[in-house]
Amino acid sequence: MAEALRLGVAGLGTVGGSLVRLLERHGNEFAVRNGRRVRITSVCARDRSRDRGFDISAYTWFDDPVDMAASDEIDVFVELMGGADGVAHGSVKQALKAGKHVVTANKALLATHGNALAELADEIGVSLNFEAAAAGGIPVIKTMREALSGNNVSRVYGILNGTCNYILTRMEHEGLTFDACLAEAQRLGYAEADPAFDIGGQDTAHKLALLTAIAFGTRVELDSIYVEGITSVTPADIVAADELGYRIKLLGVANRTETGIEQRVHLAMVPKSSVLARVEGVTNAVAVDGDFVGQLVLSGPGAGGEATASAVAADIADLARGDRMSTFGRPASTLEPYRRAAMRRHAGGYYVRLSVYDRPGAFAAIAKRMAEADISLESIVQRARAPRTAAPSHMEPEAPQPVILVTYETTEKAIRDALAAILGDGHIADGPQMIRIENLD
Ligand code: HSE
């Protein structure tokens with residue numbers, strides 16, 4: 001058997017620790033399967049003395065990952081530290097320049113610097129693999145980069161953040177508020193250290209940026225993604241979705257349109273009968289529409305140390321076998337410039353919840369604004385907050401009532417224009433809630 005492939009692991013947190021345990025447990029079988037032994041020779045983390053539940057004395061310790069990246073003791077630099085810039089970026093660049101293969105779980109790094117790093121990897125002739133960076137344990141990068149390489153992909157979309165899906169599922173099943181569910185997700189360790197990236201949609205955007213580049217053969221374009229998070233969702237929206245036959249999910253969607261590629265992250269109403277509606281809790285799911293394969297859906301654990309280490313090990317296995325593929329599935333120099341489709345042209349149905357003052361003419365004014373924007377309404381429902389026996393008299397206060405509208409297909413520009421006009425008319429108490437309807441199979 002060839003000499004062992006030597007790994008330097010930077011970052012010994014949840015994922016790094018799980019990788020050490022995986023190689024301890026399955027190292028022999030791994031060597032037989034891939035025809036080459038794999039051995040951790042070096043490690044690097046923030047705190048050398050921390051008790052991690054495994055012995056690191058057999059490995060060479062580095063205080064600085066940039067030094068480890070250039071060390072003669074390693075063939076592969078395994079980056080499990082995280083962060084778009086700083087030491088993660090510096091050490092990965094250093095490793096590539098020193099002719100080391102890189103395996104990383106760092107979506108923020110690749111979403112931000114992926115184009116330049118992929119070019120550098122190609123120039124040096126080494127691999128930059130990132131299976132663990134998108135959807136954790138789900139082998140979606142390998143599937144898209146290799147198994148679907150005979151397809152022209154028209155759309156890739158999915159539930160790419162476990163924390164958000166957990167919160168939305170709990171709100172639906174338990175009738176809890178957003179804040180209560182977020183606190184629970186943090187207690188259970190699903191959310192990132194700073195949950196703002198999870199609930200603000202940026203974590204999903206990082207993953208979507210990578211999937212888009214592979215799906216469409218374009219350069220990574222994080223800044224062109226339209227991003228909304230999930231903080232505006234209320235129990236009233238969850239109940240209304242259920243009654244209308246939908247579930248609310250945070251989706252990342254990239255699809256080809258006539259004017260370019262749409263990349264968007266936002267809450268969406270998905271039909272209860274769709275595959276994605278049934279994805280619950282911290283589970284992730286990714287769907288790809290290919291012209292020959294049709295639709296493919298992969299689902300599984302999107303986070304967690306062991307699932308993510310499983311994806312890191314898959315990248316290491318490729319290197320042990322000597323399989324090299326360009327980072328985004330084609331030479332970086334052939335990635336096409338990204339052509340962005342304007343979000344205002346996005347076409348679809350919309351759910352709108354308004355808090356309308358209960359006064360004569362309010363409905364008529366809302367309907368008029370919708371008609372002026374050329375929007376056709378599928379339904380409009382007023383929900384009385386409390387049973388009332390007669391129409392309000394002039395003496396009664398105009399308590400706002402929830403009103404729910406569902407539109408037929410229209411454009412983002414039309415709905416935004418209509419809602420701005422409705423707000424300006426002064427018949428609604430708060431800003432409108434608007435959730436896009438995504439008609440998935
Ligand atoms: N915090 C992420 C999630 C996991 O909740 O899905 C890693 O991206």
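The model is predicted, so local features need pLDDT of at least 70 and side-chain atom pairs count only at pLDDT 80 or more, while totals for chains, interfaces and linings use all residues. Residues are numbered from 1 along each chain as its sequence is written, and side-chain values use heavy atoms, with hydrogens and water left out.

**Domains**
- The chain is divided into domain 1 (2-135), domain 2 (140-301) and domain 3 (345-437); the bounds come from an automatic or database domain assignment.
- Between the C-alpha centres of domain 1 and domain 3 the distance is 53 Å.

**Helix 5 and helix 9**
- Helices (H or I, at least four residues) are DSSP runs, numbered from the N terminus.
- The axes of helix 5 (residues 140-147) and helix 9 (residues 202-216) come within 9 Å and cross at roughly 15 degrees; axes are lines fitted to C-alpha atoms over the stretch in contact, and angles run from 0 to 180 degrees between N-to-C directions.
- Helix 5 is therefore roughly parallel to helix 9 (angles under 35 degrees).
- Val140, Ile141, Met144 and Arg145 in helix 5 meet Leu211, Ile214 and Ala215 in helix 9, where contact means heavy atoms within 4.5 Å.

**Cysteines**
- There are zero disulfides in the structure (a disulfide is a pair of cysteine sulfur atoms within 2.5 Å).
- The closest cysteine sulfur to that of Cys181 is in Cys164, 12 Å away and too far for a bond.
- Cys181 is buried, at 0% relative accessible area (buried means under 20%, with a 1.4 Å probe and protein chains only).
- Cys44 is buried, with a relative accessible area of 2%.

Note on methods:
Buried means under 20% relative accessible area, exposed over 50%, partly exposed in between (1.4 Å probe, protein chains only). Helices (H or I, at least four residues) and strands (E, at least two) are DSSP runs, numbered from the N terminus. Angles under 35 degrees count as roughly parallel, over 145 as roughly antiparallel, 65 to 115 as roughly perpendicular and the rest as oblique.
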